Amino acid sequence: MRLVMLGSPGSGKGTQAAVLARELSVAHISTGEIFRQNIKDRTELGMKVKQYTETGELVPDSIVIAIVADRLGRDDCRTAGFILDGFPRTVPQAAALDEWLEKEEMPLSRVLELRVERDILMRRLTGRRHCAICRIDYNIVFKPPRTEGRCDKCGGALVLRADDSEESIARRLDVDAAKTRPLHQYYEEKNLLTTVDGSKEVTAITVEILEKLGRSVASASAAGRAN
């Protein structure tokens, strides 16, 4: 099972990618995590990524694709499959990914898109808070503290990040929509795109995705235990 997970900020794609990876016994490939790991390991590609991120520049597609390809080429992805979270973000990246996968005889099985209405995304994203003292993250919608406005661990005040204001989030959603609309069309034309209602509860979304993949939670879990 080789999957790509798409979704707007706040859609829950990272959560679903992690859950599906466990259910399907495939590797969860988060581009953010493999970037950080390459930087930590001081790989040649990781040092190139660091140069760009430290200056606030976008990492060129050629470097992003090289890092993703390196991870997808490992045994766990080749034998069991993977779910990509955070990549591709543009049509050129998607085309480069397809070219590499075709060369390696590892074609995508499906592209999953979590669709959530904008007002719900706004409510989710503006609900994020973090402790001013120990920096633990909360969300007043999904992960509220036991005491309103106070950190469970240290009792510090929970505050809104500067980039989580309504104006900032609205701009972020606008930019994301403009960038990803062509990507959705690209995968639709390839008959790979499957859309899922991302506004439901986490488990319900997982069940719907697995059903659309021809799997059930029980059968997927059993397969994972067997592996």
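## A tour from helix α9

Select glutamate 201, at the start of α9: one of its side-chain oxygens comes within 3.0 Å of the backbone nitrogen of threonine 203. Keep in mind that this is a predicted model.

Now colour the whole of α9, residues 202-212. Which of its residues are buried? They are Ile205, Thr206, Glu208, Ile209 and Leu210. In an α-helix, residues three or four places apart point the same way, because there are 3.6 residues a turn. Step past the helix to glycine 214, where phi is positive, near 80 degrees.

**The N-terminal loops**

Go to serine 25, in the loop between α1 (13-24) and β2 (27-30). Its phi is near 55 degrees, positive although the residue is not glycine. Most residues other than glycine have a negative phi. Serine 25 is partly exposed, at 24% relative accessible area.

Next, pick threonine 31 in helix α2, residues 31-40. Is it buried or exposed? Threonine 31 is buried, with a relative accessible area of 9%. Leaving aside residues up to four places away in sequence, it touches Val68, Asp85, Gly86 and Phe87.

Move on to arginine 42, in the loop between α2 and α3 (44-54). Here too phi is positive, near 55 degrees, in a residue other than glycine. Arginine 42 is exposed, with a relative accessible area of 58%.

**A cis peptide bond**

Return to Phe87, one of the contacts of threonine 31. The peptide bond from phenylalanine 87 to proline 88 is cis, with omega near 0 degrees. Most peptide bonds are trans. Proline 88 sits in the loop between β3 (82-85) and α6 (91-103).

**A three-stranded sheet**

Show β5, β6 and β7. They form an open sheet in the order β6-β5-β7, paired antiparallel. β6 (137-139) and β7 (158-159) are the edge strands; each has a single partner, so one side of each lacks a neighbour in the sheet. Strand β5, residues 128-131, pairs with β7 over two bridges. Find histidine 130 and look across to valine 159 in β7, which stands opposite.

Last, select cysteine 131. Its closest cysteine sulfur belongs to cysteine 154, 3.4 Å away, too far for a bond. Cysteine 131 is buried, at 0% relative accessibility. Then take cysteine 134. Its closest cysteine sulfur is in cysteine 151, at 3.6 Å, also too far for a bond. Cysteine 134 is partly exposed, at 27% relative accessibility.

How values were computed: Residues numbered from 1 in each chain as written. Predicted model: local features only at pLDDT ≥ 70, side-chain atom pairs only at ≥ 80, totals over all residues. Heavy atoms only, no water. Buried < 20%, exposed > 50% of the residue type's maximum accessible area, 1.4 Å probe, protein only. Helix = DSSP H or I, 4+ residues; strand = E, 2+ residues; numbered from the N terminus. Polar contact = N/O pair within 3.5 Å; in protein donor to acceptor, adjacent residues only side chain to side chain. Contact = heavy atoms within 4.5 Å. Disulfide = S-S within 2.5 Å. Pairing = 2+ DSSP bridges.
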